[in-house]
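Dear colleague,

My notes on it follow.

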Amino acid sequence: MSEAVEEALLEFRPLPQSPQGPYLPGSSVKGALRTAWLFQSVLNRGEDVVLKGDRWLFVGKTGPEPRIRPPKVLKPSHNQHFEGAVLGYLKPDKKGQLKLDLYADPFRAVRLTDSNPGEGFLNRIGIFHLKGTMKGTVLLAETFPVGSKFRFLFRYQPGLAQHQGVAQPIPPAKLVQALREYYSLVAEWERRIAEDDQLVKALEVYHRLEERLKDPDVFPIRLGFGSGRLAICLALLLPEEHPEGPEPITRKKAGSLEPRDGYPLGWAVGRLLSL
């Protein structure tokens, strides 16, 4: 797979389409909400999370911030059980074996529609590899222009948590705060790298994002192509020496022939409005 990517010159990645045009899937946004909530849940617990055998255990804190201490090789089942342990829906069955009770997943109470249609266009995406092995590799992807606006219908069913239908409540106000805290940390981490490497175009995005976040009612979020492993495995909470993070092997950038200093993908600012 890696060889196929390295040899590719163009790779067309179309956005999901409706009869009215391309849109953002609600499932992608819900996944980004879930990542922020998981991160905040670990911080609130204040303990390191360690995988021993097939069980994730909270074992107290070994440093100023809690850390996730997984094995060197992460399997999909590890991630699934991690989410279940942190969110409270990994439970023992009659034989004492831990099983995911998907009916108790607290995000079952969160409903999110797909977005309204937007207007996409083909964009040249450069790939910056830390070791330079993908220099000259270019992808052609369908993207949304800077400044695109999307609307989603967000529904939360608090009764599921109140009647123990799911493992824990997810109050919308606290979810917004989790989004602000987690994705602000991600943006700050990326901004420091951009400053160290003097990446002018990237810094434009992070400075603009910082200005927008002066409004306390909005939250940052990162979606889709370019989100990377920071979102997939909460790499900001992994030990620095762990092979999964936090430093990604590649970064994809748009709007520049030199991918090292292109524009980072996927950043957006959201606001939760009551109907």
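Please keep in mind throughout that this is a predicted model.

I begin with the pair of helices α2 and α3, where the crossing of α2 and α3 is left-handed. The residues that form the contact of α2 with α3 divide into six nonpolar, one polar and two charged. On the α2 side these are R34, W37, L38, S41 and V42, and they meet F82, E83, V86 and L87 in α3. As a general point, residues three or four places apart in an α-helix point the same way, because such a helix has 3.6 residues a turn.

As for the geometry of this pair, the axes of α2 and α3, the latter being residues 76-87, come within 10 Å and cross at roughly 60 degrees.

Just after α2, G46 takes a positive phi of about 75 degrees. Within α2 you will also find T35, which counts as buried because its relative accessible area is 9%, under the cut-off of 20%. The C-alpha atom of T35 is 9.4 Å from that of A178, although 143 residues separate the two along the chain.

A second residue that I looked at is E142, which has its place in strand β10, residues 138-143. With a relative accessible area of 15%, E142 is buried as well. Leaving aside residues up to four places away in sequence, E142 touches F12, R13, P14, L15, Q17 and P22, and also G120, F121 and L122. Between E142 and N123, which are 19 residues apart in sequence, the C-alpha to C-alpha separation is 5.9 Å.

Finally, some totals for the whole protein chain, which has seven helices and 15 strands. Of its 275 residues, 43% count as buried. When contacts in the protein chain between residues at least 6 apart in sequence are considered, 68% of them join residues at least 24 apart.

Technical notes:
Residues numbered from 1 in each chain as written. Predicted model: local features only at pLDDT ≥ 70, side-chain atom pairs only at ≥ 80, totals over all residues. Heavy atoms only, no water. Helix = DSSP H or I, 4+ residues; strand = E, 2+ residues; numbered from the N terminus. Axes fitted to C-alpha atoms, helices over the stretch in contact; angles between N-to-C directions. Left-handed = near helix turned anticlockwise from the far one by under 90°. Contact = heavy atoms within 4.5 Å. Nonpolar A, V, L, I, M, F, W, Y, C, P; charged D, E, K, R; others polar. Buried < 20%, exposed > 50% of the residue type's maximum accessible area, 1.4 Å probe, protein only.
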